[in-house]
Structure formats: C-alpha cells, structure tokens
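Morning, everyone. Please bring up the structure, and I'll walk you through it.

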Amino acid sequence: EYVGPAILLCTHYMEEAIALGTRIAIMVDGEVITAGTLKRLKEKHCQANFLEVTFKEESWSYENTESNFMQALSDHGLEAEIKESLPGRLRVRLPVHDMSKNTLNLAKLFETMESISDQHGVEYYHIA
C-alpha cells in the first residue's frame, strides 16, 4: 500500500529531528540501533532525568554537601542517586517510572531545586 513520499533527513540535533520527523531512527557507527515514533522511543529509552548541580566554591565540602543535598531531594519526595561526583559538582539520576507523567516529575524537580538551592549553596543547575 502506497502511503506517500518519504524524506530522509540526517541531523545531529534531536530537536531538529523531533520538529521535522514523524519517525526517528538513531544511528551509531553507521548502524540504526533504534527507530520509531518519538512517543515509542521515549517509552523505550527515556527511563530517567538527570540533574547536574554546580555548588558555590565557598559552600562545597565532601563531608557534608553531597549527603545534605541528597537528603534534601529525598525530603521533597524525589528518588535520586549520585551518578558522578566531582569537586563542587554532582550529577544525579532521577528515575522516571511513568513517562506519561514526566512533565509533572520535571515540574516537581524544578520546584524543589528553586526551594533548596540557596540553602545548599547551589550556584547553578540544569536538568536533562
């Protein structure tokens, strides 16, 4: 059954693929490793959000900063685990159990970060 013409667009920018494509294929070393609609790809591959935090130099200490910050996330009902710890920086994984509710998860994470950033000496953060 003929469904119409197809256009193959190659890009390194996921935002561009999302905006222009109805089906997306991801290639690694010249091989398609996964393909499908954006919804299917998210359901299959997006299982966590990541929070990267940079602390103010004067507020960082290995003894307290990590554990106090992680406890604050937990106190706000966020399940989180440290994936990487560097002097003054943390990379935290936050599992997503239901991708259909991820917008709510992100809203809660932004709200939490805004409420605890000053208290924990956060210089800046970003969420992916």
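**Pocket, strands, core**

Let's start with the lining of the largest pocket, where β1 gives the most, with 4 residues. Keep in mind that this is a predicted model.

How big is that pocket? Its volume is about 630 Å³. Its lining has 19 residues, and the closest to the centre are Leu-8, Leu-9, Cys-10, Ile-24 and Ala-25. Two elements, α1 (14–20) and β1 (24–28), each supply at least two residues of the lining. What kinds of residue are in the lining? We count 14 nonpolar, 4 polar and 1 charged.

Next, the strands. Look at β5. β3 runs antiparallel to β5, and 7 bridges join them. Find Ala-48: Pro-95 in β5 stands opposite. Strand β4, residues 81–86, is also antiparallel to β5, with 5 bridges. There, Glu-84 has Arg-91 of β5 as its bridge partner. β4 and β5 form a hairpin with 2 residues between the strands. Check Gly-88 in that hairpin: its phi is positive, near 80 degrees.

Last, the core. The largest nonpolar core has 18 residues. Which of them have the most contacts inside it? They are Leu-51, Val-53, Phe-69, Leu-73 and Met-113. The elements giving two or more residues to this core are β3 (48–55), α3 (65–75), β5 (89–95), α4 (102–116) and β6 (122–127). Of these, α3 gives the most, with 4 residues.

Zoom in on Leu-73. Leaving out residues up to four places away in sequence, Leu-73 touches Leu-51, Leu-78, Ala-80, Val-92, Thr-112, Met-113 and Ile-116.

Terms used: Residues are numbered from 1 along each chain as its sequence is written. This is a predicted model: local features need pLDDT of at least 70, side-chain atom pairs count only at pLDDT 80 or more; totals for chains, interfaces and linings use all residues. Side-chain values use heavy atoms; hydrogens and water are left out. A nonpolar core is a set of buried Ala, Val, Leu, Ile, Met, Phe, Trp, Tyr and Cys residues joined through side-chain atoms within 4.5 Å. Buried means under 20% relative accessible area, exposed over 50%, partly exposed in between (1.4 Å probe, protein chains only). Contact means heavy atoms within 4.5 Å. On a 1 Å grid over the protein atoms alone, a cavity is a set of points where a 1.4 Å probe fits but cannot get out, and a pocket is an open set with protein on both sides within 12 Å along at least five of seven lines; lining residues have an atom within 4 Å of a point. Grid points are joined across faces, edges and corners, and a volume is the space filled by probe spheres set on the points. Ala, Val, Leu, Ile, Met, Phe, Trp, Tyr, Cys and Pro count as nonpolar, Asp, Glu, Lys and Arg as charged, and the others, Gly among them, as polar. Two strands pair if DSSP finds at least two bridges between them.
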